[in-house]
Amino acid sequence: MTTVVGDPEHFVDEALAGLCAVHADLVRRVDGGVVRAHPLAEGHVAVVIGGGSGHYPAFAGLVGEGLAAGAVCGNIFASPSARQAVDVISEVEAGAGVLLSYGNYAGDVLHFGEAVQRLSTMGIEVRTVLVTDDIASAPASQAGQRRGIAGDLVVFKIAGAAAERGADLDSVERLAQAANARTRTLGIAFGGCTLPGASEPLFRVAEGMMSIGLGIHGEPAITDVPLADVDGIADALIGPLLDERPDGADDRVVPLLNSLGSIGDEELFVLYNAVARRLEAHGVRIMEPECGRLVTSLDMSGVSLTLFWPDDELAGLWTDAAHTPAYRKPGALRGAVGGRGSRSSRPRVHSAQSPSGPLADASPSSIMRATVVVEVLTTIRDELMAAEDELGRLDQVAGDGDHGIGMTRGSTAAVEAATAATTSGASAALQAAAEAWSDRAGGTSGALWGAILRSLAPLVEHGSLSTMLDDAARAAVSAVSDLGGAVVGDKTMLDSMVPWRDAILASTGGSAAATLHTAADAAASAAASTSALTPQRGRARPLAERSLGHADPGAQSFALIAAALARLASSTEGHPSS
């Protein structure tokens, strides 16, 4: 993945453009992802899937008849933004509602959840089914907290087949939930993956070892054990999966043996042979298996095994025909597609976020405040760019290492958007910055910083920094806690934000600059203290013990921003716009 990349910043866009060029008869590019080349027939449920890129054939390669109507595609390993999801769903919905399905990751939950709220105001009903198949990411007693990995394909296929048959939204949702409840996955890595343009993998597996329980975003695995032969690998995968055989399952199982990237087909066939023998020895009857690259992690050296235990209804849907760029099952399709070669005649719904025309110019005072907004955002961007590598290394301890680059991308996009909106005033500039940060950064941090900037937009039109500081601190913390649901002690950005807010609220006088310096010191101390905590949320949670001794990257990046803002306040103290 580091050889043929073009511009790493545009890797996803270029890859999706190439996919649509090769498979123009099946898919077409839209803002936010890809959709079927031919629209759904009126009155059919639209199944929409999505997540970060880097997992092909998930997600864009699974768009087509018998499967998804559209895929929302974020940056590499980063959740798509709410705006992307709204745009894709608006493009494909056909009047019968939308089933939205994706892996259970914090960033995806935040962005897609916001999209569902926006779509509801537009009159589009969306139901959500989270995929939670990874048995290594949480115990069975906390199955709802598990992340989604290669079991994505099972849930997407069942939902897509039901929608293709013409099932209503209630039925499609019920069947997708049933498929998720009967799907279990476990993965093993022999080596890490490398982001496009990077020179080193996100993690390494020691020579002679294999890592069990890895994630699909470059997250390290749960435990390392000595490298086994093919029979030992099969045993390591099958034993824990059979221990979690769903209640009520009969003797039928659909095995999905998945390459995470660099394991070739013939190696997979060798392993599948060992897996099949063991399943049969356990009295299991194998039904329509899959073996190949199903849900990958760029060039990761590794495999995962998924066991799907269908009942009669689910078994019939699993065998239904499908035709997408990367996944095909033979058979006659049932005709959910509308008129070929043309768009539906029904007027399409467009995002409520898209302005109908240029915004009017604001007052001179508001425009001056907008220039201050741009200056503040530029200061934040410069601080984050300088710390990008440090934040990435910190995130790599128990996550996927993308926090630094995500924060840089988001803040850079925010500066550009606010600059373009300056003449529309301070509030409009912050609103534009919020949307751009969320859209470009993706991931949990993108959603949270978008929410922070949106919460501040109503406050910037009136009053001085000193008079609005308390309200801004309250609004920022509330935006993060309300959206993310975390509390102090969960090892998140809130662990440094709340002490920062409290220091501001406790200030009894003095300049805004002095207050911000005191608050920045509180944030820095609190961020450092997160090294003693274990994460309770997000991608780092499955590797909680590994994160001990390391500060939370979100808390640390907030502390850096707080310090930069304090320095900026000192340098501009006494300026009329301050």
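Contact is taken as heavy atoms within 4.5 Å, and helices (H or I, at least four residues) and strands (E, at least two) are DSSP runs numbered from the N terminus. The model is predicted, so local features need pLDDT of at least 70 and side-chain atom pairs pLDDT 80 or more, while totals for chains, interfaces and linings use all residues. Residues are numbered from 1 along each chain as its sequence is written, and side-chain values use heavy atoms, without hydrogens or water.

In helix 13 (residues 443–456), Ala 447, Leu 448, Ala 451, Ile 452, Ser 455 and Leu 456 meet Ala 472, Ala 475, Ala 476, Ala 479, Val 480, Leu 483 and Gly 484 of helix 14. This contact between helix 13 and helix 14 comprises 11 nonpolar, two polar and no charged residues (nonpolar: Ala, Val, Leu, Ile, Met, Phe, Trp, Tyr, Cys and Pro; charged: Asp, Glu, Lys and Arg; polar: the others, Gly among them). The axes of helix 13 and helix 14 (residues 465–484) come within 8 Å and cross at roughly 140 degrees; axes are lines fitted to C-alpha atoms over the stretch in contact, with angles from 0 to 180 degrees between N-to-C directions.

Five cavities of 30 Å³ or more were found in the whole structure, a cavity being a set of points on a 1 Å grid over the protein atoms alone where a 1.4 Å probe fits but cannot get out. The second largest cavity holds about 60 Å³, the volume being the space filled by probe spheres set on the points. Its lining (residues with an atom within 4 Å of a point) includes Gly 50, His 55, Asp 108, Asp 152 and His 217. Strand 3 (residues 46–53) gives the largest share of this lining, three residues.

How values were computed: 1 Å grid on protein atoms, 1.4 Å probe; cavity = no way out; pocket = protein on both sides within 12 Å on 5 of 7 lines; lining within 4 Å.
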